[in-house]
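Thanks, everyone. I will take the inside first, then the surface.

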Amino acid sequence: MEDKVETRIISLGENRASRTKIFISLSTALAPIFSGVLLLFPFPRYDVTWLVWIGLVPLLLSLFGKSAKAGFFLSYVCGVVFFSGVFSWAFAIPGYKIVHQISLAFYASFYFAFFGVVFSFIGRRLGVTCAFLSAPFIWVGVEYARSNCGFLALPWPLLAHSQYEQPLIIQVAAFTGAYGVSFLIVLVNVAIAALLWPFACRLSRHDGNSNGVISSRGRSAIAGTALVLISFALFYGNAVLAKPLYGARIKISVLQGNIDQEKKSNPFKNADYIIQKYSELTLQASKNEPDLIVWPEAATPGFIFKNMRTLEKITSIVKEVETPLVVGSAEYSKFAKNSVDRKKSGNSAVFFSSSGKVLGQYLKIRLLPFAEYLPYVGVIPWPDFIIPMANRNWDTAGKEFTLFELDGARFGTIICWENAFPNLFRQFVRNGAVFMLNITNEGWFGETAAPYQFLAMCVFRSVENRRSMARAANTGISSFIDPYGRITGRVLNNNKDIFVEGYLTREIYLSERKTFYTNYGDVFVYVMLIVTALVLALSFLKPLK
């Protein structure tokens with residue numbers, strides 16, 4: 001009888017242990033998926049911004065005691081969920097298919113996976129406390145690598161971009177760039193994970209290995225560090241926002257023609273309609289007596305320097321309103337230094353004086369790979385699903401950070417996704433731009449989150465350099481952003497800001513002040529990379545227990 005009872009007790013214990021093991025395995029498998037979802041919802045257009053401050057916690061806890069190989073897999077899964085969701089708008093692009101989305105998510109998720117590998121490796125060698133303390137440094141290094149990897153650079157969405165409507169927390173970007181805000185977000189996630197660590201240990205029945213233990217002092221140190229740095233960032237943000245803006249101002253009107261992509265794809269057939277639309281908006285905006293009127297990217301039907309009829313119409317409207325005009329156009333270079341360059345065309349911004357004279361032209365520097373140019377053409381045999389159109393005439397990239405001047409105020413114009421590249425933007429400011437324009441056409445993406453994600457990046461460019469920005473977008477979001485990253489106005493119609501027609505006039509502040517970030521760039525990131533490298537070196541030197 002006693003033997004039967006003992007056998008039953010052992011059996012019950014084994015069943016309970018088996019169920020616990022299954023539960024732990026299932027929790028570990030689902031945790032990165034949960035993290036991917038939590039990280040997705042803070043971004044436009046869900047905008048549940050607070051979720052990003054806890055979004056990494058399930059992933060961090062799932063990496064508990066895992067090998068580098070397991071860390072790679074779990075973090076990769078998190079990345080696939082996140083990037084598949086955050087770039088779901090890409091399906092609105094004509095010709096974009098599931099194979100393209102798989103390729104994009106497959107590539108981008110490797111950066112998440114690299115974070116998991118390094119985090120797990122450090123945890124196994126130097127202990128989980130060291131891994132947690134290193135996590136924000138590793139994450140910033142990974143985001144920087146993703147943002148600067150040549151033609152594969154994917155500088156959005158950074159965790160920081162989820163906070164674009166939270167001006168209080170993002171002011172530190174004037175020193176650190178957007179990466180500093182990402183650092184704070186990961187640090188808070190780490191602090192929460194550290195506080196939850198004892199519960200994770202009990203759940204997984206950790207064997208007590210010192211590498212997997214965080215002392216109460218260690219947890220307090222991590223949480224205290226997070227509290228101090230967040231408090232400092234909020235204090236600094238409050239101090240900055242409490243200062244009123246002052247100084248010289250300029251009045252700008254931005255136009256939003258809402259020209260359908262089908263009409264834009266047949267510029268000669270619809271030339272009269274397009275020019276008439278922007279002429280009407282220009283006349284309406286001129287009643288507000290702006291100092292400058294801005295048309296969106298590629299607003300003109302065809303090459304205006306090669307089409308005298310179109311050029312004459314634009315010149316005529318400029319003379320009528322007697323207001324300088326910046327026009328987006330696919331254009332040959334009027335101001336090229338030699339005949340060869342003059343035959344090259346690219347995505348341009350053309351600046352007209354109030355008398356209709358062309359004063360300058362900026363040729364887009366950072367082209368969009370596979371849309372505006374083919375990387376390493378003739379070197380890499382790109383498959384047909386990447387390059388579906390044969391014999392494509394690709395755009396030519398500009399080389400000069402061209403500045404225009406209006407009544408002594410110099411300004412730069414970035415085109416389309418150039419707003420995603422902080423170093424490109426700050427170069428205009430370093431060269432003397434006292435305000436910036438962004439002209440873009442995001443009609444390709446339909447009524448999706450894409451325009452809001454682009455707007456989020458513009459907010460950070462303004463904060464990083466303390467520059468006002470006026471943004472003219474074909475289908476929206478046309479808007480104004482002040483030097484503190486606050487969106488001070490949008491073109492609205494029936495409370496909609498995309499796929500509506502209209503214009504908006506605002507006064508913006510001019511600034512000659514250069515921030516730490518403007519002057520020194522990504523010094524903060526370089527510190528992050530050095531710290532990560534040092535910790536990794538120590539990890540390699542210490543044998544695995």
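**Cavities and a nonpolar patch**

There are 3 cavities of 30 Å³ or more in this structure. A cavity is a set of points on a 1 Å grid over the protein atoms alone, where a 1.4 Å probe fits but cannot get out. Volume is the space filled by probe spheres set on the points, which are joined across faces, edges and corners.

A word on the source. This is a predicted model: local features need pLDDT of at least 70, side-chain atom pairs count only at pLDDT 80 or more, and totals for chains, interfaces and linings use all residues. Residues are numbered from 1 along each chain as its sequence is written, and side-chain values use heavy atoms, with hydrogens and water left out.

Now, how much space lies in the largest cavity? About 40 Å³. Its lining (residues with an atom within 4 Å of a point) includes S147, Y179, R461 and E464. Helices α8 (178-204) and α15 (450-465) each give at least two lining residues. Helices here are DSSP runs of H or I, at least four residues, numbered from the N terminus.

F72, F73, F91, I98, V99, I102, F106, F110 and F385 make a nonpolar patch of about 860 Å². Areas are Shrake-Rupley, 1.4 Å probe.

Which helix gives the most? That is α4, with 5 residues. F110 sits in α4.

Conventions:
1 Å grid on protein atoms, 1.4 Å probe; cavity = no way out; pocket = protein on both sides within 12 Å on 5 of 7 lines; lining within 4 Å. Patch = residues over 30% accessible without salt bridge, like charges linked within 9 Å, V, L, I, M, F, W, Y side chains within 5 Å. Salt bridge = Lys/Arg side-chain N within 4 Å of Asp/Glu carboxyl O.
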